[in-house]
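Here is a friendly briefing to read alongside the model. Have the sequence and the 3D view open as you go.

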Amino acid sequence: MNSVIVVGSFNVDHVWRCAELPAMGATIAGQYSTGPGGKGFNQAVAAARAGAATAFVCALGDDAGGALARQLARADGIDLRAEASDQPTGTAGIFVDARGRNSIVVGAGANGTLGAEHVTGDPALLEGARVLLAQLESPVETIEAALAMARQAGVTTVLNPAPANAASGIGLLRLADVLTPNETEFAALLARHVGERVDPEAVATLDGATLHGLSRKLLPHGTVVITLGSVGVFVSHAEEQLRGDAQPYYRIGAESVSAIDTTGAGDAFNGALATALARAPAEPFSVHVRYANRFAALSTEHPGAAAAMPRHDEVAARFGA
């Protein structure tokens, strides 16, 4: 039985490292590498390496990328539940500059064909599960069906509403017990669902009461966790559901690390948060967030996305987690 279920995307990442991100019309020199990625797979690897028995539900093409996904899932002990697709396995082109910033273009391929019936048609999927984690690089109706199934089964639902330009209805958000946007995603959701216009670059500078108020408008019933990169994390709970915390909103600062690549940091955070919630559901939510924050920080000290995910023992050795 798997305690964490991740529903989402697998991509083959093509990465170029360069001094600066390329400007429009520019041709610059860089160093090339390739490896596994996709928000879903990154988060599944993070969850597994953080210590959870993890299932990953996705769609794969009958090609080298699909074979790579199967091989890597076996290597990390992930229970792969892949739907066969006639589309090529997903791909992503990633540019990373000398400061660790990135720019990404994704080709959905097979990820765009993941069907709701593939998720809901497996009655054994949620046996023993405590957390279901999803993102928005797969069809929104499939993600909505997965969250609804988990909610009905009493499984905690975590929705990472990424990427920011992905479609999302208010019905989808209502199925999330925990919503985990970054600054850009938070601003996009506010504009789309609340009618509030906030500059993404200003989100981290807003005072706690303001951020809490905006979070309550966006997700009145649940918990919003805004990842703020080098600034840390902001948490906002519904007043009637503090998840073991002493206060409805607070910040947790970023950990000090030597970051070289932030590509998969958000995915590292989400996967580790899901594992922490599944491992010790009675612990205060702040404990889970602090663990996820540390796990994500360590991931930035290594290049790549899925390949950069640390293991629980590394987090414990560095931070005593």
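**Around V15**

Leaving aside residues up to four places away in sequence, V15 touches Q31, Y32, S33, I94 and V96, where contact means heavy atoms within 4.5 Å. This is a predicted model, in which local features need pLDDT of at least 70 and side-chain atom pairs count only at pLDDT 80 or more, while totals for chains, interfaces and linings use all residues. Residues are numbered from 1 along each chain as its sequence is written, and side-chain values use heavy atoms, with hydrogens and water left out.

- V15 sits in strand β2; strands (E, at least two residues) and helices (H or I, at least four) are DSSP runs, numbered from the N terminus.
- With a relative accessible area of 7%, V15 is buried; buried means under 20% relative accessible area, exposed over 50%, and partly exposed in between, using a 1.4 Å probe and protein chains only.
- Between the C-alpha atoms of V15 and R243 there are 39 Å, and the two residues are 228 residues apart along the chain.

**Nonpolar cores**

- The largest nonpolar core has 46 residues, and F56, I78, F269, F285, V289 and F295 have the most contacts inside it. Such a core is a set of buried Ala, Val, Leu, Ile, Met, Phe, Trp, Tyr and Cys residues joined through side-chain atoms within 4.5 Å.
- Helix α8 (residues 265-279) gives the most to this core, contributing eight residues.
- Another core, of 41 residues, lies apart from it, and includes V57, A59, L173 and L211.
- In soluble globular proteins, nonpolar side chains tend to be buried together.
- Which residues does V289 touch, not counting those up to four places away in sequence? They are V233, V235, I252, F269 and L273.
- L273 belongs to helix α8 and is buried, at a relative accessible area of 0%.
- Beyond residues up to four places away in sequence, L273 touches T180, F285, H288, V289 and A292.

**Aromatic rings**

- There are six aromatic pairs in the structure. Rings of Phe, Tyr and Trp (its six-membered ring) pair if their centres lie within 6.5 Å; planes under 30 degrees apart count as stacked, over 60 as edge-to-face and the rest as tilted.
- One of the pairs is W16 with Y32, which is tilted, at 5.3 Å centre to centre and 50 degrees between the planes.
- This pair links distant parts of the chain, 16 residues apart: W16 is in strand β2 (residues 11-17) and Y32 in strand β3 (residues 31-37).
- Y291 counts as buried at 6% relative accessibility, and F295 is buried at 0%.
- F10, F41 and F56 are linked into a cluster by ring pairs.
- R279 lies over the face of Y291, at 5.1 Å from the ring centre; a charge sits over a ring if NZ of Lys or CZ of Arg is within 6 Å of the ring centre and within 35 degrees of the ring normal.

**Helices α9 and α10**

- Two packed helices are described by the angle between their axes and the distance between the axes.
- The axes of α9 and helix α10 (residues 312-319) come within 10 Å and cross at roughly 100 degrees. Axes are lines fitted to C-alpha atoms, for helices over the stretch in contact, with angles running from 0 to 180 degrees between N-to-C directions.
- Y291, R294, F295 and L298 of α9 make the contact with H312, E314, V315, R318 and F319 of α10.
- E314, in helix α10, counts as partly exposed at 37% relative accessibility.
- E314 and L298 are 8.4 Å apart in space, C-alpha to C-alpha, and 16 residues apart in sequence.

**Backbone details**

- The peptide bond from A162 to P163 is cis, with omega near 5 degrees.
- P163 is placed in the loop between β9 (156-159) and α5 (170-174).
- Although R243 is not a glycine, it has a positive phi of about 55 degrees.
- R243 is found in the loop between β12 (233-236) and β13 (249-252) and counts as partly exposed, at 22% relative accessibility.
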